[in-house]
Amino acid sequence: MANKWLWLSIAFSVAFCHPSTDDQPMVGVAIRIDPTSAEAQKAAQYAMKEYNKNCNSSYLLNMISIVSAKSQIVAGLKYYLTVQVEETNCLCGSNGTLEHCSPRYGGYGKVLLCDFQVYYIPWLDSVELIASNCQA
């Protein structure tokens, strides 16, 4: 419960407590965030889990790194992520989890760039992968 209120307070403080100037983003505009931040990592991990669950590829994919990340304050938070992923040796639809998968072809498998949009409503504890697109 405390985590929900923390996100809510951050969202409102960013949205309403900072005056808009030329060097600060306007409310509602997506802003860059650190790809190594906890919020970007958490959103990317959620996106990967959902993408793999929906079997959008022949093989389960494993995240290599977050290339870029943005967040936008909407009725909640929307994350725009570009993630570098690799195919694993686990087939999609298998009951295997990523802990038991290794990179396909010993690390020489297909590497993809995936664009994900994750929508998070902290006060409802709701998270949804609303868009995904992976390409070589």
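**Exercise 1. Strands side by side**

In what sense do β2 and β3 pair, and over how many bridges?

*Solution.* Keep in mind that you are looking at a predicted model. Step 1: find the two strands; β2 covers residues 59-74, and β3 covers residues 76-91. Step 2: look at how they run; the pairing is antiparallel, over 13 bridges. Step 3: check the turn, where one residue sits between the two strands of this hairpin. Step 4: pick a pair to see for yourself, such as Ile66, whose bridge partner in β3 is Val83.

Now look for another partner of β3. It pairs with β4 as well, again in the antiparallel sense, over ten bridges. For an example, Val85 stands opposite Leu112 in β4. Finally, ask how covered β3 is: twelve of its 16 residues are buried.

**Exercise 2. A polar residue under cover**

Is Gln72 buried or exposed? Find out what its side chain reaches.

*Solution.* Step 2: compare its relative accessible area of 14% with the cut-off for buried, which is under 20%. Gln72 is therefore buried. Step 3: follow the side chain, which comes to 2.5 Å from the backbone oxygen of Gly28. Step 4: list the surroundings; beyond its neighbours within four places in sequence, Gln72 is in contact with Gly28, Val29, Ala30, Leu77, Lys78 and Tyr80.

Leu77 lies in β3 and is buried, with a relative accessible area of 7%. Tyr119 is 42 residues away from Leu77 in sequence, yet their C-alpha atoms are 5.9 Å apart in space.

**Exercise 3. Two rings**

How many aromatic pairs does a search of the whole structure find?

*Solution.* Step 1: count; the search finds one. Step 2: name the partners, Tyr51 and Phe116, with ring centres 5.7 Å apart and 65° between the planes. Step 3: classify the pair; an angle over 60 degrees counts as edge-to-face, and this pair is edge-to-face. Step 4: see what is joined; Tyr51 is in helix α2 (residues 38-53) and Phe116 is in strand β4, so the pair ties together parts that are 65 residues apart in sequence. Both Tyr51 and Phe116 are buried.

**Exercise 4. Inside the core**

Which residues of the largest nonpolar core touch the most other members?

*Solution.* Step 1: note that this core has 23 residues; Leu61, Tyr79, Leu81, Val83, Phe116 and Val118 touch the most other members. Step 2: ask where the core residues come from; α2, β2, β3, β4 and β5 each supply at least two. The largest share, seven residues, comes from α2. Step 3: zoom in on Leu61, whose contacts beyond four places in sequence include Met48, Tyr51, Asn52, Val85 and Leu112. Step 4: turn to Asn52, which is in helix α2 and is buried at a relative accessible area of 11%. With sequence neighbours within four places set aside, Asn52 is in contact with Leu60, Leu61, Cys92 and Leu98.

**Exercise 5. A residue in a loop**

Where does Asp125 lie?

*Solution.* Step 1: locate Asp125 in the loop between β4 (111-121) and β5 (126-135). Step 2: check its cover; Asp125 is exposed, with a relative accessible area of 51%. Step 3: look at the backbone; phi of Asp125 is near 50°, a positive value in a residue other than glycine.

Technical notes. Residues numbered from 1 in each chain as written. Predicted model: local features only at pLDDT ≥ 70, side-chain atom pairs only at ≥ 80, totals over all residues. Heavy atoms only, no water. Helix = DSSP H or I, 4+ residues; strand = E, 2+ residues; numbered from the N terminus. Buried < 20%, exposed > 50% of the residue type's maximum accessible area, 1.4 Å probe, protein only. Polar contact = N/O pair within 3.5 Å; in protein donor to acceptor, adjacent residues only side chain to side chain. Contact = heavy atoms within 4.5 Å. Phe/Tyr/Trp six-rings, centres within 6.5 Å; stacked < 30°, edge-to-face > 60°. Core = buried A, V, L, I, M, F, W, Y, C linked by side-chain atoms within 4.5 Å. Pairing = 2+ DSSP bridges.
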